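Here are my notes on the model you sent. Please read them with the structure open.

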Amino acid sequence: QVRLVESGGGLVQAGGSLRLSCVFSGRTFSAYAMGWFRQAPGKEREFAAAISWSGGSIYYANSVKGRFTISRDNAKNMVILQMNSLRPEDTAVYYCAADFDPSDVGVEKKLTVDEYDYWGQGAQVTVSS
């Protein structure tokens, strides 16, 4: 069974940076595309970023493009979300997700929660104004 554990959330002022990490265990990490989603209070979970198993395909939501960077280290079974220039509207619980996809096709279609098979428990990110 796949297990995902996020870390790195916290409280930061607007304009600051945070780095989220997600450690994957239980299966072969390099057979999975990975995504980051977020959910603000009272709102639906929304897509933020995704990366194919090789890192060759990356896709961002327009709301985070140019500020967030997703990356992965297949040797460490880890996916990272570097968040810069944070805004109060980025405040949310951030979730790491895994989708079994060894084909390494483009991740631009992996934008909904239904595309992913496994989820982490979430990490709170709070951005103060």
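1. F47 touches W36, F37, Y59, Y60, A61, K110, L111 and Y116, leaving aside residues up to four places away in sequence. Contact here means heavy atoms within 4.5 Å. F47 is found in strand β5, residues 46-51. Strands are DSSP runs of E, at least two residues, numbered from the N terminus.

2. A note on the basis. This is a predicted model, where local features need pLDDT of at least 70, side-chain atom pairs count only at pLDDT 80 or more, and totals for chains, interfaces and linings use all residues. Residues are numbered from 1 along each chain as its sequence is written, and side-chain values use heavy atoms, with hydrogens and water left out.

3. Is F47 buried or exposed? F47 counts as buried because its relative accessibility is 9%. Buried means under 20% relative accessible area, exposed over 50%, and partly exposed in between (1.4 Å probe, protein chains only). F47 and G9 are 38 residues apart in sequence. Their C-alpha atoms are 17 Å apart in space.

4. Now the backbone at N77. Its phi is near 55°, a positive value in a residue other than glycine. Most residues other than glycine have a negative phi. N77 lies in the loop between β7 (68-73) and β8 (78-83). At 25% relative accessibility, N77 counts as partly exposed.

5. S85 also deserves a look. S85 is not a glycine, yet its phi is positive, about 50°. The loop between β8 and β9 (92-100) holds S85. S85 has 41% relative accessibility, so it counts as partly exposed.

Methods:
Helices (H or I, at least four residues) and strands (E, at least two) are DSSP runs, numbered from the N terminus.
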